[in-house]
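Thank you all for making the time this morning.

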Amino acid sequence: MTNVITRRTFVGGVAGAAGVAALGGRALAQQLPLPTSPVALNIIDVAGNLALTQKAIENYRKAKPNLVSRITFTKAPAPELAGKIKAQQDAGRVDIDLVLTGTDALSAGIDQKLWVEMIPQHAGSLPKLDDIYLPPAAKMQTLAKGQGVVVTYYPSGPLLEYMPDKVKTVPTTAEELLAYSKANPGRFLYARPANSGPGRTFIMGLPYILGDSNPQDPAKGWDKTWAFLKELGQNVEYYPSGTGAVMKELGEGSRDMTVSTTGWDINPRVLGVVPKEAKVAALKGFHWVADAHYMCVPKGLSNEKLAVLIDLMNFLLTKEQQAYTYDEGYFYPGPAVKGVTLDMAPPESQAAIKEFGRPEYEKWIAENPIELPLQPEQMVVAFRMWDEQVGGAKRK
């Protein structure tokens with residue numbers, strides 16, 4: 001989920017030291033040296049993850065002033081990140097300490113060998129992840145190849161989101177979606193998958209809906225999917241660079257339908273970017289394609305700084321801090337850890353989800369399979385093929 005709508009100016013009050021990771025510095029001291037004076041951290045977000053974790057990260061700074069002096073937060077598009085880090089590493093001057101990313105930049109970083117191996121190298125300094133994660137989050141952790149740690153999870157999509165006053169006959173199958181796009185050229189839109197959670201979830205979900213031969217092999221197993229996407233593309237005016245632009249157009253009325261996820265449905269309606277009355281639908285035979293955000297550390301940092309980052313990871317995986325990830329539905333539900341319920345979340349999160357959440361989500365989550373997204377190397381292939389075969393000439 002990338003290119004989140006720029007809207008997080010209301011960080012609000014931060015809780016105190018609740019949920020400080022009990023294993024803190026003592027366990028880490030046996031593994032890596034903690035700093036003798038506080039360090040400054042530079043955290044870059046290419047997934048919109050700070051909407052879910054910034055309050056908890058600031059809680060850590062307040063709880064551990066002996067370890068962290070200040071934290072700088074920046075945001076960037078996922079496709080640009082790998083090249084930026086590689087250039088810093090080649091120059092021997094890495095100034096990015098922690099990356100918060102979806103599967104897109106995670107995959108690119110694995111492909112280019114940019115990340116510190118966290119597991120098994122530093123597993124002894126982290127919680128037992130298989131014990132604390134929700135089962136789908138534990139499966140998402142396998143995609144990191146030990147080079148990142150899941151911090152948030154959601155079943156994602158793909159879903160259709162539409163304006164009911166404009167779309168009177170809602171597509172229920174892939175064929176009906178194609179027919180809708182032909183009958184209403186330019187009214188359906190989605191963003192470039194390499195920089196959009198809903199975009200990549202859509203293309204990864206289609207092989208299940210269409211009955212392709214191998215949903216995990218975009219090069220050899222997606223014949224029906226690529227044919228469908230090319231035909232659909234004849235009726236798509238252009239492909240925005242990120243999801244935020246799509247939701248803005250849906251909200252303004254220049255588009256009537258897009259692909260979405262649970263979080264990208266709920267949160268833009270909370271924020272008023274998309275009207276509250278927007279509806280969602282699921283195509284017949286759909287499987288959820290799960291999504292997660294990861295904490296990744298670029299190679300090239302000092303051991304002292306790495307020790308602090310591992311301590312921060314422990315802190316962010318406590319139940320108290322995971323409760324913040326309900327946010328206002330952006331990655332609904334959000335928590336990756338077992339036993340984190342909505343009533344543990346801040347009051348504003350509870351109120352937003354009560355008003356803008358959808359009861360059908362619990363039913364759909366219970367009744368439809370939850371699949372892993374593509375393996376990192378296959379995701380890189382899928383993005384390249386989409387750019388070359390589907391969206392290349394129509395990207396903005």
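**Cavity, pocket and selected residues**

By the rule I used, there is one cavity of 30 Å³ or more. The rule runs on a 1 Å grid over the protein atoms alone, where a cavity is a set of points at which a 1.4 Å probe fits but cannot get out, a pocket is an open set with protein on both sides within 12 Å along at least five of seven lines, and lining residues have an atom within 4 Å of a point. Grid points are joined across faces, edges and corners, and a volume is the space filled by probe spheres set on the points.

Residues are numbered from 1 along each chain as its sequence is written, and side-chain values use heavy atoms, with hydrogens and water left out.

The pLDDT, which is the predictor's confidence in each residue from 0 to 100, averages 91 for the protein, and 92% of the residues score at least 70. Over residues 1-30, however, pLDDT stays under 50, and where pLDDT is low, the predicted coordinates should not be read in detail.

Returning to the largest cavity, its space is about 40 Å³, and its lining consists of P158, L159, L160, F202, I209, V259, A281 and L283. The elements that give two or more residues to this lining are β5 (159-162) and α8 (197-210); helices (H or I, at least four residues) and strands (E, at least two) are DSSP runs, numbered from the N terminus. By class, the cavity lining has eight nonpolar, no polar and no charged residues, where Ala, Val, Leu, Ile, Met, Phe, Trp, Tyr, Cys and Pro count as nonpolar, Asp, Glu, Lys and Arg as charged, and the others, Gly among them, as polar.

What is the volume of the largest pocket? It is about 250 Å³, and 14 residues line this pocket, with P79, A108, A194, V380 and F383 lying nearest its centre. Its lining divides into eight nonpolar, one polar and five charged residues, and at least two lining residues come from each of α3 (78-91), α4 (103-111) and α16 (376-391).

Of these helices, α4 is mostly covered, with seven of its nine residues buried, where buried means under 20% relative accessible area, exposed over 50%, and partly exposed in between (1.4 Å probe, protein chains only). The cover over those buried residues includes α3, β3 (98-101), α6 (135-142), α8, β9 (288-296) and α16. Just after α4, K113 has a positive phi of about 60 degrees.

In α16 we find M385, which counts as buried because its relative accessibility is 11%. Leaving out residues up to four places away in sequence, M385 touches P218, A219, W226 and V390, contact meaning heavy atoms within 4.5 Å.

E117, by comparison, sits in the loop between α4 and α5 (129-132), and it counts as partly exposed because its relative accessibility is 36%. With the sequence neighbours up to four places away again set aside, E117 touches H122, G146 and Q147.

Finally, T325 lies in the loop between α13 (319-322) and β10 (334-335), and it is buried, with a relative accessible area of 2%. Its side chain reaches the backbone oxygen of Q322 at 2.6 Å.

Key
This is a predicted model: local features need pLDDT of at least 70, side-chain atom pairs count only at pLDDT 80 or more; totals for chains, interfaces and linings use all residues. A polar contact is a pair of N or O atoms within 3.5 Å; within protein, one must be able to donate a hydrogen and the other to accept it, and residues adjacent in sequence count only if both atoms are side-chain atoms.
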